[in-house]
Amino acid sequence: MKNILKVTLGILTSIGGFLDAGAIATNASAGANFGMGLLWATALGTLFAIFLVEMSGRLAVVSKHTLADAMREHFGFRYHAIPLATELLVDFLVLTAEIGGACIALQFVTGIPFKWFALPVGLCIWVTIWIGSFGRIEKATAFIGLITICFIVGAFRLRPDMHAIASGFVPHQPPQDAAHYWFLSVSIIGAIITPYVFYFYSSGAIEEKWDFKDLGVNRAVAALGMTFGCIIAMGITVVAAQTLQRAGIAVDRFEQAPLMLTDPFGRWGVFLFAASLAICCFGAAIEVALAVAYVVGQAFGWRWGEDLSPKDNARFAMTYTIFILLAALVTFTGIDPLKVTMFSMAMAVVILPLVILPLLVIMNDEKYLKEQRNGWISNTVGVAAVVAAIILAIVAIPLEIIGGG
Amino acid sequence: MRLTADVLDQQVIDCCQRKAGKVDGIAIEVFNGAPPRVAYIEIGSNILARRVSKRLERFVRKLHAKSFRVPWSAIAKVDVSVTLNVDAANSPLYDVEKWLRTHIVEKIPFSAHHKHQEKND
């Protein structure tokens, strides 16, 4: 019974972790521009995410090392400094994007320009982390996050063409806008396998004191949580395809996105969209801010943990405090949150190989995993993910330039 | 035991189960005629910076970062982490932590409140 509860909570949390500003923006944009044509990218990203998340959880359970600990120990600090520094830059962009997304959601509802929400939203995120414990934050965001099911309900209400959905699982290069199509496919995958997720997940497993008994829970949570997240993300694509694409609206500003839920839900649509966006961004912002404090704390061997009071780990607490403050200030300048989101997803893809290649090497090291080393299935998917990540990292910047606009 | 694989970059835990940095450097003494001997491990951002680049080391040095040397004899055990039999609370490792705690964190409300901890089965 306890395990079922653990798995349920884990699934709800992973749905929250899966959906963030990046996932919503990229999937909505995919539906609006290419209909069902990019569903394969969401599915492929999810497959990679399931295996990589399971690996980072297993690493923590078996070796009692987080990904950051193991990376520094196995590859030495000279290597670790590179993923560490780039991770902090990308996390900063992602945090700015999430704060911006939450602010835009508030703009939809109130009509007040988003930048005025930047500092209050940043403050709410900070207060939640400062006061909350890991378990409480996890539960609260998990249950409120269920509101995103509205995208699945919406998708069904719109009676989409099932053949079109099925054909979306195979990549077809469209006759025009090929660069934009491939740019979006890179961004969708980047939004799903954002590197902070692995650092966060392995730290979370230590925070929750998972042990060998929980290896099954870890596997179930990774597989089911990511799958449910993927289904909701696909719901976003389908709804956007049925509404925005038909109306000829390409999501090039966040303001156009809530229109997609007014067809299935009437005037409540805007509120549902705003609430989903706000909650997903808020939850993701907490995860990114904590992930930053985790990776810095673990790189230097500080005391770290969300369940300690800030007084007992002052450096950890100041790390997320400063990050949240700076990201909120950047949002306050009025920089377009959608642009920041798309750019941060592309940058996340660029640094992805630096994180998952070492992860794969560590997952095959007897010193850390003992008998729980990767089997051939995990290694096959892992190698495919690394190869895909390297290709994506190489094409991300050229595609951002030619297909990003 | 292999020094670079099993000791360097490992988490350090002091005698009070406190996380106390990572093994940032290892010093080896070589005397004429005698076999080389590990003298101490070093923990500190200046030592770490030296491993990345000269320029970074100069920069960190300007911040007056101090390192903490632990003689090899004060190491209790080496397994998943390196456990010391000395207390790190009064070492330079905790200078920044203490400064932040007294000058900033403690001045913010709820900094000392006991977070509700989930019971684990």
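**Exercise 1.** State which pattern chain B follows along the sequence.

*Solution.* Read along the sequence, the pattern of chain B is α-β-β-β-β-α-α-β-β-β-α. Chain B has four helices and seven strands; helices (H or I, at least four residues) and strands (E, at least two) are DSSP runs, numbered from the N terminus. The model is predicted: local features need pLDDT of at least 70, side-chain atom pairs count only at pLDDT 80 or more, and totals for chains, interfaces and linings use all residues. Residues are numbered from 1 along each chain as its sequence is written, while chains are lettered from A and ligands numbered from 1 in the order in which they are written.

**Exercise 2.** State what percentage of the 121 residues of chain B count as buried.

*Solution.* A residue is buried if 20 or more other C-beta atoms, placed from the backbone, lie within 10 Å of its own. In chain B, 27% of the 121 residues count as buried. The C-alpha trace of chain B spans about 60 × 45 × 20 Å along its principal axes.

**Exercise 3.** Describe how helix 3 and helix 9 of chain A cross.

*Solution.* The axes (lines fitted to C-alpha atoms over the stretch in contact, with angles from 0 to 180 degrees between N-to-C directions) of helix 3 (residues 39-63) and helix 9 (residues 178-192) of chain A come within 8 Å and cross at roughly 30 degrees. Helix 3 of chain A is therefore roughly parallel to helix 9 of chain A, a term for angles under 35 degrees.

Terms used: Buried ≥ 20, exposed ≤ 12 C-beta atoms within 10 Å, placed from the backbone. Parallel < 35°, antiparallel > 145°, perpendicular 65-115°, else oblique.
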